[in-house]
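Subject: Structure for your review

Dear colleague,

Please find below the structure that I would like to hand over to you. My findings follow it.

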Amino acid sequence: MTAQLRAELLKQRSTRTALGLFASMLGLVLVAVLLHGFGLSAENLARASDQHMVLGRGEFLGALFAALLGAMTMTSEIRHGTIRPTFLFAPWRGRVVVAKVWVSALVGAGFGLAASALAAGVGTAALAARGLDVQLDGSDYALLVAGGTAASALWAAIGVGLGAVVRNQVPTLIGICAWLLFVEGLLVGDVAGVGDVGRFAPGALGMAISGQDPDTLVAPSLGLVLLSAYAGASALAGLVATTRRDVL
């Protein structure tokens with residue numbers, strides 16, 4: 001198992017996929033935070049919950065790109081056929097999936113940490129530049145960064161599981177983006193008329209872990225438990241699908 005973990009770490013370091021996703025994520029975090037920080041009116045940034053929303057863009061984008069990274073860890077090998085030699089040298093397919101989950105979660109945590117820290121720093125600077133009083137304290141910042149790191153790690157594991165189940169790269173990546181960018185916005189905003197169910201969607205749980213919108217979302221501790229359950233279920237589904245189906 002240790003050798004398999006080292007192999008997956010080597011794959012992450014030796015390809016440009018992770019680096020490209022990381023750079024794109026940082027660029028989008030910077031743009032999103034600056035647009036919110038300078039584009040919204042002062043009245044819409046006066047409350048702590050409003051400021052949480054701006055700084056929370058780091059957690060959201062970190063989770064999104066971590067999920068994409070996790071999905072591509074599996075689907076890229078299937079797409080390019082390198083999954084065949086991988087299983088040839090590691091015939092215990094379950095170990096391959098487990099190694100991909102752990103390594104993706106580790107790299108995803110790095111994504112979340114960088115995105116959350118960048119959003120917190122840039123967002124605070126934008127508020128200060130406009131002369132607005134920052135309503136967040138040290139514990140709020142700690143929860144934003146720590147929660148964003150944890151949420152991204154778990155979303156990376158979810159991405160691996162989804163990639164193993166779907167296997168086709170394009171619909172997997174489109175599905176992740178559509179869910180986080182559009183579907184959950186309808187659920188949490190109750191546009192779809194589902195009541196409080198949207199609070200328990202995986203994207204909303206990631207936001208809850210980082211302390212965002214406490215009046216609407218669940219408590220951070222409950223969010224961590226539930227998102228961990230989503231990640232475990234996704235990884236298990238991917239493991240079962242991989243061990244029971246033929247290699248493409």
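Predicted model: local features only at pLDDT ≥ 70, side-chain atom pairs only at ≥ 80, totals over all residues.

**Cavities**

Searching the whole structure gave two cavities of 30 Å³ or more. I describe here the second largest cavity, which has a volume of about 40 Å³. Its lining is made up of E59, F60, A63, L64, W155, L180, G203 and M207. Helix α4, residues 57-80, and helix α9, residues 202-209, each contribute at least two residues to that lining. The largest share comes from α4, with four residues. By class, the lining of this cavity has six nonpolar residues, one polar residue and one charged residue.

**The pairing of α7 and α9**

Two packed helices are described by the angle between their axes and the distance between the axes. For helix α7, residues 138-166, and α9, the axes come within 7 Å and cross at roughly 150°. Angles over 145 degrees count as roughly antiparallel, and α7 and α9 are therefore roughly antiparallel to each other. On the α7 side, the contact is formed by L143, G147, A150, A151 and W155. On the α9 side, P202, G203, G206 and I209 take part. This contact comprises six nonpolar residues and three polar ones, with no charged residues.

**P202**

P202 belongs to helix α9. Is P202 buried or exposed? Its relative accessible area is 11%, and residues under 20% count as buried, so P202 is buried. Leaving aside residues up to four places away in sequence, P202 touches W155, W179, E184, L227 and Y230. L186 is 16 residues from P202 along the chain, and the C-alpha atoms of the two are separated by 13 Å.

**The largest pocket**

The largest pocket holds about 260 Å³ of space. Its lining consists of 13 residues, and those nearest the centre of the pocket are T15, M72, T73, S76 and E77. Helix α1, residues 2-14, and α4 each supply at least two lining residues. The most is given by α4, with six residues. The lining of the largest pocket divides into two nonpolar, seven polar and four charged residues.

**T75 and R167**

T75 is also located in helix α4. T75 has 0% relative accessibility and therefore counts as buried. Which residues does T75 touch, not counting residues up to four places away in sequence? They are G163, R167, N168, Q169 and T172.

R167, one of these contacts of T75, lies in the loop between α7 and α8, the latter covering residues 169-188. R167 is itself buried, with a relative accessible area of 18%.

**Positive phi values**

Most residues other than glycine have a negative phi. In R167, however, phi is positive, near 75°. D213 also has a positive phi, near 45°. D213 is located in the loop between α9 and α10, where α10 spans residues 220-244. At 31% relative accessibility, D213 counts as partly exposed.

Yours sincerely

Terms used
Residues numbered from 1 in each chain as written. Heavy atoms only, no water. 1 Å grid on protein atoms, 1.4 Å probe; cavity = no way out; pocket = protein on both sides within 12 Å on 5 of 7 lines; lining within 4 Å. Points joined across faces, edges and corners; volume = space filled by probe spheres on them. Nonpolar A, V, L, I, M, F, W, Y, C, P; charged D, E, K, R; others polar. Buried < 20%, exposed > 50% of the residue type's maximum accessible area, 1.4 Å probe, protein only. Contact = heavy atoms within 4.5 Å. Axes fitted to C-alpha atoms, helices over the stretch in contact; angles between N-to-C directions. Parallel < 35°, antiparallel > 145°, perpendicular 65-115°, else oblique.
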